[in-house]
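Work through the exercises below with the model open beside you. Try each task before reading its solution.

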Amino acid sequence: MNGTPLAGTALGAFVGVGSTLLADRARRRRELTDRTRQERRQIHVTVLTKYRLAYEAMHAAAVTGRDQAAARETAVREAFRSSGCDEARETALICAPQEMSDLLEAVYATLRDLQDGFAAGDPPLDSPQLQERRLKHAEAIWAARAAMRRDLERGS
């Protein structure tokens, strides 16, 4: 009896199983990369959205309490606390690479600086000094967005 057909069948089965395993491994890796990218995107969007909500709520509280120092300070600080930006920040800092964490901390620092200004009423809401603080915050946001885009393009 000739063993050639049996050897050919075994080799074919080995090649078929091997290629299937390799294809499955590549598919799982691609799915993991896609899932990781989606999770990162969600974290990025959440933290920037929460930062924006904090800013908007603090500004509204400062405008509403413009003439009442104690009430304004309380309202601004409560607006910041209830915005959810601290929780989103912590999630992002845990999951983000160091470069991203540094940029998110820079945005957070500008947000806290705005909080202090809104709470104190100094500088006044219509002053160039406040506009300068807003510009620093906007620049920090844009730098973080650019880093987030690079992070998402790079994948995991």
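**Exercise 1: the H1–H2 contact**

Task: find which residues of H1 meet which residues of H2.

Solution. Ala54, Ala57, Met58, Ala61 and Ala62 in H1 meet Arg72, Ala75, Val76, Ala79 and Phe80 in H2. Contact here means heavy atoms within 4.5 Å. By class, this contact holds nine nonpolar residues, no polar ones and one charged. Ala, Val, Leu, Ile, Met, Phe, Trp, Tyr, Cys and Pro count as nonpolar, Asp, Glu, Lys and Arg as charged, and the others, Gly among them, as polar.

Ground rules: this is a predicted model, where local features need pLDDT of at least 70, side-chain atom pairs count only at pLDDT 80 or more, and totals for chains, interfaces and linings use all residues. Numbering runs from 1 along each chain as its sequence is written, and side-chain values use heavy atoms, with hydrogens and water left out.

Next, the geometry. H1 covers residues 4-64 and H2 residues 69-82. Helices are DSSP runs (H or I, at least four residues), numbered from the N terminus. The two pack at about 165°, with axes 8 Å apart. Axes are lines fitted to C-alpha atoms over the stretch in contact, and angles run from 0 to 180 degrees between N-to-C directions. H1 and H2 are therefore roughly antiparallel, a label for angles over 145 degrees.

**Exercise 2: the H1–H4 contact**

Task: at what angle do H1 and H4 pack, and how far apart are their axes?

Solution. H4 spans residues 98-120. The angle with H1 is about 10°, and the axes are 10 Å apart. That makes H1 roughly parallel to H4; the cut-off is under 35 degrees. The contact residues divide into 13 nonpolar, three polar and no charged. On the H1 side they include His44, Tyr51 and His59; on the H4 side, Met100, Gln115 and Phe118 are among them.

**Exercise 3: the largest pocket**

Task: which helix gives the most to the lining of the largest pocket?

Solution. H5 (128-154) and H1 each supply at least two lining residues. H5 gives the most, with six. Among the lining residues are Tyr51, Arg52, Leu114, His137 and Trp142. By class, the lining has seven nonpolar, one polar and three charged residues.

**Exercise 4: a cis bond**

Task: which residues does the cis peptide bond join?

Solution. The bond joins Asp122 and Pro123, with omega about 10°. Pro123 sits in the loop between H4 and H5.

Conventions. Parallel < 35°, antiparallel > 145°, perpendicular 65-115°, else oblique. 1 Å grid on protein atoms, 1.4 Å probe; cavity = no way out; pocket = protein on both sides within 12 Å on 5 of 7 lines; lining within 4 Å.
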